[in-house]
Amino acid sequence: SEPVKMIPGQTNTVWCGIKAPQTAKYSIVLQDYSGVYSTKSEIKKWIVTDSWDGTVAPGDEDPKKAIRINLPKEAPEDTIMLQVVVKKEGNIISTQDLDFEISRVGLFRATMC
């Protein structure tokens, strides 16, 4: 499917959900990142939050605010790739590769999405 859009000039949040079979301590960590046109050092400057830690119980399906990226207004239109690792009690249980498209949208479209 199409990458999720991130909009320059604002903080964009990556939410992650965990379906826990039992109560345990989980962490979600941004392991790696890259861009088609943006350099790793540019992307690093945009990252505000790169992890989340907490206890999740069965039935707790509230999304966790894992990663926040503050894109400057002058950020180039680009595709950025994030590799996210999910750990349970310190052990890796999942690795996800997520693609995002940095794209400018008009005022009307931004308010409708």
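How many helices and strands are there in the protein? There are 2 helices and 8 strands, where helices (H or I, at least four residues) and strands (E, at least two) are DSSP runs numbered from the N terminus.

**Figure 1. The whole chain at a glance.** This is a predicted model, in which local features need pLDDT of at least 70 and side-chain atom pairs count only at pLDDT 80 or more, while totals for chains, interfaces and linings use all residues. Residues are numbered from 1 along each chain as its sequence is written, and side-chain values use heavy atoms, with hydrogens and water left out. From the N terminus on, the elements follow the order β-β-β-α-β-β-β-β-β-α. The C-alpha trace spans about 45 × 30 × 25 Å along its principal axes. Of the 113 residues, 32% are buried (under 20% relative accessible area; exposed is over 50%, partly exposed in between; 1.4 Å probe, protein chains only). Among contacts (heavy atoms within 4.5 Å) between residues at least 6 apart in sequence, 69% join residues at least 24 apart.

**Figure 2. A closer look at β3 and β5.** Strand β3 (residues 24–35) pairs with β5 in the antiparallel sense over 6 bridges. A24 has V56 of β5 as its bridge partner, and V29 has S51 of β5. In a regular strand the side chains alternate between the two faces of the sheet. For β5, W52, G54 and V56 make up the covered face, whereas S51, D53 and T55 make up the uncovered one.

**Figure 3. Now for the sheet of 3 strands.** Here the open sheet runs in the order β2-β6-β4, with antiparallel pairing. The edge strands are β2 (10–16) and β4 (47–49), each pairing on one side only. Neighbouring strands are turned by 25° against each other on average, direction ignored. β2 and β6 pair over 7 bridges, and the bridge partner of V14 in β6 is I67.

**Figure 4. Zooming in on K64, a buried lysine.** K64 lies in strand β6 (residues 64–71). This residue counts as buried because its relative accessible area is 8%. Leaving aside neighbours within four places in sequence, K64 is in contact with V14, W15, C16, I28, W52 and V56.

**Figure 5. A peek into the largest pocket.** About 170 Å³ of space lies in this pocket. On a 1 Å grid over the protein atoms alone, a pocket is an open set of points where a 1.4 Å probe fits, with protein on both sides within 12 Å along at least five of seven lines, and lining residues have an atom within 4 Å of a point. The volume is the space filled by probe spheres set on the points. Among the lining residues are C16, K19, Y26, I28, V84, I93 and L98. The elements giving two or more residues to the lining are β3, β7 (78–88) and β8 (91–102), and β8 gives the most, with 4 residues.

**Figure 6. The loop with E89.** E89 is found between β7 and β8. Its phi is near 50°, a positive value in a residue other than glycine.

Definitions and conventions: Two strands pair if DSSP finds at least two bridges between them. Axes are lines fitted to C-alpha atoms, for helices over the stretch in contact, and angles run from 0 to 180 degrees between N-to-C directions.
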